[in-house]
Amino acid sequence: MAHKTPLGSSAPPTSCLDLWREKNDQLVRQAKVAQDLGLSLRRQQLAQDALEGLRGLLHSLQGLPAAVSVLPLELSVICNFITLRASLAQGFTEDLAQDIQRGLERVLETQEQLEARLEHGLRELWDFVLHVSSLLPEVLPALHHLAGLQAAIWLSTNHLGDLTFLLQTLNGSQCRASEDLLLLLKTWRPPAEESDAPLTLQDARSLRDVLLTAFAHRQGLQELITGSLPRALSSLHEAASSLCPRTVLVQVYTALGTCLRKMGSPQKALLYLIAALKGGSTWGPPLLEASRLYRQLGNTAAEIESLELLVEALSVSDIPEAPQLLIEVELLLPRPDPASPLHCGTQSQAKYLLASRCLQTGRAEDAAEHYLDLLALLLDVSEPKLSPPPCPPGPCVPEVFLEAAAALIQAGRAQDALTICEELLSRMSSLLPKRPRLWKDARKGARESPHCSPWVSATYLLQGQAWVQLGARKEAISEFSRCLELLFRATPKDKEQGPASSCEQGCTSDVALQQLRAAALISRGLEWVASGQDTRALQDFLLSVQVCPGNQDASFHLLRTLRRLDRRDEATALWRRLEAQTELPQENATWSLPLYLETCLGWIRPPDCETLLAEFRTSLLKTCDL
């Protein structure tokens, strides 16, 4: 009596199966030999040959009817092919998901279940295959391995709902109700492979550990960005305690440093940042975070040193390391976005941070040199025209020029500041309106930028301050007048132009324009005072108070001038207003000014305002006594 072969279990002769398995094992060994060769053409060639060999082997296996006895080998070949291809490409391509789907369909073919499932998506296909596979225990290890690769694809493409469903199905009834991906990954126990199983580049359990680390890392960063600090701390600790590659551990320690700093534990944060700097050669993110930490602690010297090291680190090209021919944690991580603590920007952005912090902290000479270096970097790649795109976290190129000029004036290098201003004006002259008109009209021209007027006005203001430093009063007054002429042509708002960049919003906001006008009026008024023309100075100070009512500096300059001109009634009324303002609680400003404007306002701030008020109070009391 002839023996009947069970449906779906027919297999080719044992010798063919053995040959196919030996071919798989030989290709896996070849890929592992390639891995040990480092970055070389020989490595690339061996790995590529192994990939093509696996592709051919898979084509041979899938050219025959699906058989249960061959499925473990076939699924292992699919896993090896996907692993090697993704590692060589350093990413997952869409056709890899098709390879997975074809593998699942082959499982269903052995059970004559394929026709009923072809119309369903990959998620439903996995659900059905994993339920069917309970009848095929010999296929389970390879199927779990394939599920791990599917999980990697869904994690890298942020299909977390599908990933959750897959892990729930893999874990069975014990985790059906849980949607905690970390818990699901920890609970997943891929079945151990048999000792005589086909060789694989990476087994399911190793892949599960990679997924666990990558998800904890991703989740921790996301929670850190959104402000869920306790949860971020927990997720990042989970990532750090898992099998974390050295390069990823540096990232995790940096993120932990950021999290602890924001939670008010600067000393613990510093320990993690030191560990990050010791742990790898990617120093940019931990150095940038260290500068933020030292700034928060008020340690300016350490902050500046961290930024100097950051600039140096970003100027050195990283020596690339050969990626493992495996699914690694780095492969499943997104590129850091600007909100991430792992984003340290470019060398020019780091140089800008260093230059601006030197200017803000009174290191004018250092700031001037750093700004000049920065301009050399920017102009090496910039277009001749300054049509400024947004470039967070730094300013637009025109503002770098303006801050550089301010730093040079602060450092006593007025002539160099004039050179910088002339260069900026030459680059922007073609973008300015050719005749007086409101911004709304000026913007109709294709080459006329609505943001040029404030920048050019600021340039005239800084040129005036440079001439003040050089003792050329006539030239200074002329530049301040040019600044005011251009500013008073402009209307600050034109909604037809759409949203502006953060840099453009900073230079064209109502507050910035008011303060810029006030700065020019006060600067010119001070030059009138110095030349003994108090009546002209009075006009500028009065106008500055009108255009910028919140600027107390203008009021104090006006008070001094009224007092010199012996206009007692007006001076007394102004003094009373100033006294009342000083007694009110001061509200924190909800706006910020461009750094070059803040610097300029610092130069024209009147000294000893409290002394002036006290002297006025004393003189009024004496008048009352008389």
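Is Glu479 buried or exposed? Select Glu479 and you will find a residue that is buried, with a relative accessible area of 9%, where buried means under 20% relative accessible area, exposed means over 50% and partly exposed lies in between (1.4 Å probe, protein chains only).

Before going further, keep in mind that this is a predicted model, in which local features need pLDDT of at least 70 and side-chain atom pairs count only at pLDDT 80 or more, while totals for chains, interfaces and linings use all residues. Residues are numbered from 1 along each chain as its sequence is written, and side-chain values use heavy atoms, with hydrogens and water left out.

**Colour by confidence**

Colour the chain by pLDDT, the predictor's confidence in each residue, from 0 to 100. The protein chain averages 85, and 84% of the residues score at least 70. Confidence is highest in helix 6, at 96, and lowest in helix 19 (residues 439-442), at a mean of 37; helices here are DSSP runs (H or I, at least four residues), numbered from the N terminus. Select residues 434-448 next, where pLDDT stays under 50 and the model has 30 contacts beyond four places in sequence, a contact being heavy atoms within 4.5 Å. Residues 493-501 also have a pLDDT below 50, and this stretch makes nine contacts beyond near neighbours in sequence. Where pLDDT is low, the predicted coordinates should not be read in detail.

**Helix 5 and its surroundings**

Move to helix 5 (residues 122-132) and show its side chains: Leu122, Leu125, Trp126, Phe128, Val129, Leu130 and Val132 are buried. Display helix 4 (94-110), helix 6 (140-156) and helix 7 (160-171) as well, as these are the helices against which the buried residues of helix 5 pack. Then select Arg123 and Phe165, where the arginine lies over the face of the ring, at 4.4 Å from the ring centre; a charge sits over a ring if NZ of Lys or CZ of Arg is within 6 Å of the ring centre and within 35 degrees of the ring normal.

**Salt bridges along helices**

A search of the whole structure finds 26 salt bridges, each defined as a side-chain nitrogen of Lys or Arg within 4 Å of a carboxyl oxygen of Asp or Glu. Side chains of opposite charge can pair when their charged atoms come close.

Begin in helix 1 (residues 14-35), where Arg21 and Asp25 are four residues apart, about one helical turn, and meet in a salt bridge with an N to O distance of 3.8 Å. Arg21 is partly exposed at 28% relative accessible area, whereas Asp25 is buried at 7%. An α-helix has 3.6 residues a turn, so residues three or four places apart point the same way.

In helix 4, select Glu105 and Arg102, whose closest N and O atoms are 3.8 Å apart in a salt bridge; the two residues are three places apart, about one helical turn. Glu105 counts as buried at 14% relative accessibility, and Arg102 as partly exposed at 28%.

Return now to Glu479, which forms a salt bridge with Arg482, the closest N and O atoms being 3.5 Å apart. Both lie in helix 21 (residues 473-487), three residues apart, about one turn of the helix. Arg482 is partly exposed, at 37% relative accessibility, while Glu479 is buried.

**Aromatic pairs**

The structure holds two aromatic pairs. Rings of Phe, Tyr and Trp (its six-membered ring) pair if their centres lie within 6.5 Å, with planes under 30 degrees apart counted as stacked, over 60 as edge-to-face and the rest as tilted. Tyr253 and Tyr272 have ring centres 5.5 Å apart and planes at 50°, so the pair is tilted. This pair links distant parts of the chain, with Tyr253 in helix 11 (residues 246-262) and Tyr272 in helix 12 (residues 266-279), 19 residues apart. Tyr272 is partly exposed, at 23% relative accessible area.

Next, select Tyr352 and Tyr371, an edge-to-face pair at 6.4 Å centre to centre, with 70° between the planes. Tyr352 is buried at 12% relative accessible area, and Tyr371 counts as buried at 0%.
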